[in-house]
Amino acid sequence: MIDRRHYFDWAGTAPCDPDILNEALAASIEHWGNPSSIHRAGTDAKTALESARDRCARALGVPAERLTFTSGGTESDHIALLSVLTRPQKGSVLLSALEHPALREMASTLANAGWEALTVAPEPDGRISPQKLVAALKSDTAFVAVMAVNNETGAIQPVAEIADALCEHGKTHRKPFFHVDCVQAAGKIPIDLKHPGIDSAAFSAHKLGGPRGIGLLYHAREIQTFLRGGGQERNIRSGTENIFGATAIASCLERYCISPGNPAMEQRLLQQQEYTAHFLRQLLTIPTCTIIPHSRAEHGLQTEQHFSPWIVQAAFKGIPGQVMVRALDSKGFCISTGSACSSGKNTRPVLDSMRVSAAEKESAVRFSFGHDTTLPAMDELFREVQDVCRQFS
């Protein structure tokens with residue numbers, strides 16, 4: 001079995017939290033009815049479902065009626081984006097070039113249906129400029145998407161500043177719908193969904209130790225959805241509701257969301273910031289190592305507030321990324337070359353958008369950490385990376 005201490009691909013998926021899964025299993029066994037049924041078994045299940053929704057709402061600090069359970073982050077992204085198809089006229093959608101394939105590739109599908117798909121490139125530090133984003137808007141732009149934390153570089157996007165800029169733009173133009181992918185942000189950095197410029201946000205349980213197949217969509221107001229069915233989840237996400245998943249994601253958010261109401265996780269964030277600063281200093285002692293983006297190493301702790309301490313991307317000259325992954329795997333350590341959803345495509349759109357050189361792009365790997373990660377384990381990881389680099393020197 002894989003030693004969880006040597007697992008450093010938390011951005012791909014988190015190891016399951018047994019307590020969360022056991023609680024969810026017990027709830028689904030106890031409340032086995034269909035929540036849409038009006039008999040006692042159904043109403044008991046409905047009560048359990050709404051209890052889970054209330055728990056999610058308290059953890060995120062939003063009204064419960066503004067949360068819809070989905071099958072994961074991808075579906076949450078899709079529901080928000082495809083809502084534009086309910087509009088009577090076609091227009092354009094604007095995505096940051098950093099977005100997850102769930103949005104990036106769906107935008108290409110919209111383009112085939114007559115919509116214009118626009119992108120805004122990040123700065124070299126991997127962050128989106130609010131000013132450049134607003135400048136890229138067109139008069140018919142109906143939808144804007146920017147992920148809160150990039151899943152490859154860990155760059156924290158200035159979501160509040162972008163929302164401010166969109167609200168200011170909305171004083172003289174039609175404000176586009178603003179969607180935020182929070183899949184890599186939830187449980188990793190503080191999240192504030194109360195900004196009036198944020199219209200929706202996506203979440204996924206399996207990044208927080210929960211099961212696969214359950215996510216959450218926050219929507220600041222009721223939205224018209226393109227896909228229709230049985231009318232469950234206030235007509236936003238049809239399909240028989242998932243009591244197991246709803247209970248699990250509620251536990252995930254309660255346990256791991258970073259807020260003043262959860263001081264243990266606030267302290268864990270500060271701890272991880274120290275761990276990652278130490279790990280970055282170690283990596284930079286390897287002559288062939290380059291941190292991506294470069295600004296993260298060039299400016300050190302001055303810019304660390306712009307990066308999630310749970311993700312580090314680095315390139316090792318002369319060692320293809322997949323070779324480094326396999327070499328560490330043979331030593332019992334799990335890392336990745338980037339987004340798991342793009343791993344089989346041998347493309348790096350995020351790094352392309354940041355104008356990373358071909359050599360660095362080929363050698364780039366991602367180290368990602370989680371709530372169980374320890375400093376001694378990160379030290380072990382560094383020593384094994386160092387050893388692989390010596391073998392190729």
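**A walk through the predicted model**

Leaving aside neighbours within four places in sequence, Arg55 is in contact with Glu23, Thr247, Ala250, Ser251 and Glu254. Arg55 belongs to helix α2, which runs over residues 40-60. Is Arg55 buried or exposed? Its relative accessibility is 15%, and buried means under 20%, so Arg55 counts as buried. One of the residues it touches, Ser251, is also joined to it by a polar contact between the two side chains, at 3.0 Å.

The next stop is helix α3, which covers residues 73-82. This helix is mostly covered, since 8 of its 10 residues are buried. The buried residues are Gly73, Glu75, Ser76, Asp77, Ile79, Ala80, Leu81 and Leu82. Glu75 is therefore in the buried group by the under 20% cut-off. What does Glu75 touch, not counting residues up to four places away in sequence? Its contacts are Thr70 and Arg237. With Arg237 there is a polar contact, side chain to side chain, of 3.0 Å. Glu75 can also be placed relative to Gly321: the two are 246 residues apart in sequence, and their C-alpha atoms are 30 Å apart in space.

Helix α10 spans residues 321-330, and its axis comes within 10 Å of the axis of α13, the two crossing at roughly 120°. That angle makes α10 oblique to α13. The crossing is right-handed. On the α10 side, the residues that meet α13 are Met324, Ala327 and Leu328. On the α13 side they are Leu381, Glu384, Val385, Val388 and Cys389. Sorted by class, this contact has 7 nonpolar residues, no polar ones and 1 charged one.

Helix α13, which covers residues 375-391, also meets helix α8, residues 263-283. How do the axes of α8 and α13 cross? They come within 10 Å and cross at roughly 15°. Angles under 35 degrees count as roughly parallel, so α8 and α13 are roughly parallel to each other. Here too the crossing is right-handed. From α8, the residues in this contact are Gln272, Tyr275, Thr276, His278, Phe279, Gln282 and Leu283. They meet Leu375, Met378, Asp379, Leu381, Phe382 and Val385 of α13. The contact of α8 with α13 contains 8 nonpolar, 4 polar and 1 charged residues.

The remaining points concern the backbone in loops. Between strand β8 (289-292) and helix α9 (295-298) lies a loop that holds Pro293. The peptide bond leading from Ile292 to Pro293 is cis, and its omega is near -5°.

Two other loop residues have a positive phi without being glycine. Asn235, with phi near 70°, is one of them; it is found in the loop between β7 (215-219) and α7 (243-256). Arg355 is another, with a positive phi of about 60°. Its place is the loop between α11 (349-353) and α12 (358-363). Why does Arg355 count as exposed? The reason is that its relative accessibility is 54%, and exposed means over 50%. Arg355 is thus exposed, whereas Arg55, where the walk began, is buried.

Note on methods. Residues are numbered from 1 along each chain as its sequence is written. This is a predicted model: local features need pLDDT of at least 70, side-chain atom pairs count only at pLDDT 80 or more; totals for chains, interfaces and linings use all residues. Side-chain values use heavy atoms; hydrogens and water are left out. Helices (H or I, at least four residues) and strands (E, at least two) are DSSP runs, numbered from the N terminus. Buried means under 20% relative accessible area, exposed over 50%, partly exposed in between (1.4 Å probe, protein chains only). Axes are lines fitted to C-alpha atoms, for helices over the stretch in contact, and angles run from 0 to 180 degrees between N-to-C directions. Angles under 35 degrees count as roughly parallel, over 145 as roughly antiparallel, 65 to 115 as roughly perpendicular and the rest as oblique. A crossing is left-handed if the near helix is turned anticlockwise from the far one by less than a right angle, and right-handed if clockwise. Contact means heavy atoms within 4.5 Å. Ala, Val, Leu, Ile, Met, Phe, Trp, Tyr, Cys and Pro count as nonpolar, Asp, Glu, Lys and Arg as charged, and the others, Gly among them, as polar. A polar contact is a pair of N or O atoms within 3.5 Å; within protein, one must be able to donate a hydrogen and the other to accept it, and residues adjacent in sequence count only if both atoms are side-chain atoms.
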